[in-house]
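These are my notebook entries on a structure that I had not looked at before. I set down each point in the order in which I looked it up.

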Amino acid sequence: MKKLDKIEMVYDRVTANARLYNGTTIECVVFKYNEARLEETRMKVAGEDCDPSERYLEIMIEGCVHHHVKSSYIDWLNAHPKNPRTRCANPVGWKSRRGVLLRQDALRPEVW
């Protein structure tokens, strides 16, 4: 959760109750917008576009699909302004966190 806290710079992590599609209510963790932190964040990233990254939105959409979130919300995420993913000019491969070499030819072509 600490890593997610860093990503969600203008949001505070809080507990809330969520009503599931079947009517059940559960306690969960949500990120609540904090306008005061927005100005602080703008100072840190002055001159940068503050739209979410394409990768960030892809992760959100993947999670929504996995958890069967309503398609209207997924459509909203898909239409949201975003900073395009940076592409490598001539990648050969990358090392994963576990030290495994990920070769370009073994990766999905749609990421190029």
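Predicted model: local features only at pLDDT ≥ 70, side-chain atom pairs only at ≥ 80, totals over all residues.

**Entry: the whole chain**

I then turned to the protein chain as a whole. I noted four helices and four strands. Read from the N terminus, the order of the elements is α-β-β-α-α-α-β-β. The chain has 112 residues, and I recorded 12% of them as buried. For the accessible surface I wrote down about 9500 Å², with 54% of this area belonging to carbon and sulfur atoms. I also looked up contacts with a separation of 6 or more; residues 24 or more positions apart make up 38% of these.

**Entry: strands β1 and β2**

I next examined strand β1, residues 11-19, and strand β2, residues 25-33. The two strands run antiparallel and are joined by nine bridges. Which residue of β2 stands opposite Val-14? I found Val-30 in that place. Likewise, I found Asn-17 opposite Glu-27 of β2. The hairpin of β1 and β2 has five residues between the strands, and there I noted that Gly-23 takes a positive phi near 95°.

**Entry: aromatic pairs**

I looked up aromatic pairs and found two in the structure. In one of them, the ring centres of Tyr-11 and Tyr-33 lie 5.9 Å apart and the planes stand at 65°, so I classed the pair as edge-to-face. This pair links distant parts of the chain, since Tyr-11 belongs to strand β1 and Tyr-33 to strand β2, 22 residues apart. I recorded Tyr-11 as partly exposed, at a relative accessible area of 30%. Tyr-33 is also partly exposed, and its value is 41%.

Why did I class the pair of Tyr-73 and Trp-76 as stacked? The planes of the two rings are at 25°, with the centres 5.6 Å apart, and planes under 30 degrees apart count as stacked. Both residues lie in helix α4, residues 71-79; they are three residues apart, so about one helical turn separates them. I noted the general rule that an α-helix has 3.6 residues a turn, so residues three or four places apart point the same way. Tyr-73 is partly exposed, with a relative accessible area of 36%.

**Entry: helix α3**

I closed with helix α3, which covers residues 54-66 and has 13 residues. From the first C-alpha to the last I noted a reach of 18 Å, close to the 18 Å expected at 1.5 Å a residue. Which residues of α3 are buried? I listed Glu-54, Leu-57, Ile-61 and Cys-64. These residues lie on the same side of α3, because the arc that they cover around the axis is only 85°. On the other side of the helix I found Glu-62 and His-66 exposed. I then asked what covers the buried residues of α3, and the cover includes α4. Just after α3, I noted that His-68 takes a positive phi of about 60°.

Definitions and conventions: Residues numbered from 1 in each chain as written. Heavy atoms only, no water. Pairing = 2+ DSSP bridges. Buried < 20%, exposed > 50% of the residue type's maximum accessible area, 1.4 Å probe, protein only. Contact = heavy atoms within 4.5 Å. Areas by Shrake-Rupley, 256 points an atom, 1.4 Å probe, with all protein chains shown as cover. Phe/Tyr/Trp six-rings, centres within 6.5 Å; stacked < 30°, edge-to-face > 60°. Expected span 1.5 Å × (residues − 1). Arc of directions from axis to C-beta.
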